Amino acid sequence: MTWHVLGAGSLGCLWAGRLFRAGIVTRLVLRNEQRLADFQAAGGLRLVEAGVTQRLPVPAELPDSPGPIERLLVACKAYDAETAVASVASRLTDGADILLLQNGLGSQQAVAQRWPQHRCIFISGTEGAYRRDAFEIVHAGLGQNWLGDPDDPTPPEWLAELDAAGIPHEWTREILTRLWRKLALNCAINPLTVLNDCRNGALLAQRDGLHSLCSELERILRACGQAEAASDLEHEVLLVIEKTAENYSSMHQDVASGRRTEIGYLLAQACEVAARHGVPAPLSTALLSRLRARLRQLGLPED
Ligand code: NAD
Ligand code: KPL
């Protein structure tokens with residue numbers, strides 16, 4: 001069965017390149033004619049791993065190309081995911097699986113609600129990749145990918161193909177816990193790095209503020225049934241800050257490069273959930289307002 005990978009960015013190319021290299025039938029779905037022409041002119045994608053570059057001529061096509069789609073990996077940003085799936089929806093076969101590789105929460109549920117006839121598998125990943133050139137992707141951080149279906153604990157048979165491709169993965173019944181935990185880490189760290197224009201490590205100077213924010217985020221998570229994702233959050237936030245002290249958070253990098261952030265699927269989600277469950281969230285709400293004001297000032301979308 002063919003893997004269609006929608007979104008030829010950092011993670012889309014990382015996944016497509018490894019699947020293709022393992023001899024698994026893979027096709028990249030590019031946004032438009034121009035991107036397809038550029039991809040073909042480049043001779044496919046280049047994957048850089050441990051300093052070694054490999055050219056991988058993964059076949060590519062457009063959303064409206066002919067042919068059915070039986071397995072779709074959506075590797076767009078959260079704010080593009082639903083529109084991207086809509087662009088290929090008429091090609092999805094009855095039993096097609098949709099794999100959603102997005103940070104945060106909200107976009108996965110939007111896709112699952114709009115296409116209930118398809119099995120939607122959510123992915124939470126810690127691998128890191130970035131684009132050095134249009135179709136040159138650097139695999140920058142080893143990590144794990146947790147896959148799960150909140151509605152059905154049965155693992156899909158195609159996980160073996162991820163083994164064959166060397167894509168690290170683990171099937172989990174607790175995918176929402178994974179996604180909420182990562183969202184909470186991002187909420188505690190990323191907005192503050194933007195507002196203070198600093199590397200992650202500089203946040204250690206604001207231990208009291210982090211303590212209060214983490215306590216609030218823990219209360220929000222517990223109120224929405226995510227007690228496990230809440231457990232010992234502050235401890236992990238501090239560990240992550242220490243481990244990534246020299247790094248700029250992904251949101252800081254987005255803002256510094258003038259790119260839209262995924263805030264609508266991160267801190268905004270936490271605030272929405274707090275409001276829905278009647279949990280007071282003054283710190284998160286104020287943080288979101290300050291961040292939105294900064295984004296507005298910079299001419300960037302506020303969600
Ligand atoms: P990216 O911006 O590098 O790639 C997204 C790609 O999707 C872009 O090439 C864009 O043109 C394409 N796209 C958008 N709409 C499309 C459409 N309608 N049709 C076809 N293509 C479309 O993003 P990324 O870094 O690969 O991130 C994907 C998701 O994974 C994000 O939610 C991100 O937060 C998350 N994530 C990324 C990393 C990382 O290291 N890059 C790590 C962890 C999580
Ligand atoms: O995931 C991250 C990011 O930068 O997006 C970390 C390093 C955990 C900071 O929130």
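Modeller: A polar contact is a pair of N or O atoms within 3.5 Å; within protein, one must be able to donate a hydrogen and the other to accept it, and residues adjacent in sequence count only if both atoms are side-chain atoms. This is a predicted model, in which local features need pLDDT of at least 70, side-chain atom pairs count only at pLDDT 80 or more, and totals for chains, interfaces and linings use all residues. Residues are numbered from 1 along each chain as its sequence is written, chains are lettered from A and ligands numbered from 1 in the order in which they are written, and side-chain values use heavy atoms, with hydrogens and water left out.

Colleague: How do you know how much of ligand 1 is buried?

Modeller: Accessible areas come from the Shrake-Rupley method with a 1.4 Å probe; for residues, only the protein chains shown count as cover. Ligand 1 taken alone exposes 840 Å², and the protein buries 84% of that.

Colleague: Which residues are around ligand 2?

Modeller: A residue is near a molecule or strand if one of its heavy atoms lies within 4 Å of it. Around ligand 2 these are Leu185, Asn186, Ile189, Asn190, Val240, Ser249 and Ser250. Side-chain atoms of Asn190 and Ser250 each lie 2.5 Å from an oxygen atom of ligand 2. For Asn186 the distance is 3.0 Å.

Colleague: Why is the second largest pocket called a pocket?

Modeller: On a 1 Å grid over the protein atoms alone, a cavity is a set of points where a 1.4 Å probe fits but cannot get out, and a pocket is an open set with protein on both sides within 12 Å along at least five of seven lines; lining residues have an atom within 4 Å of a point. Grid points are joined across faces, edges and corners, and a volume is the space filled by probe spheres set on the points. For the second largest pocket the volume is about 150 Å³. Its lining includes Leu192, Gln206, Leu283 and Arg290.
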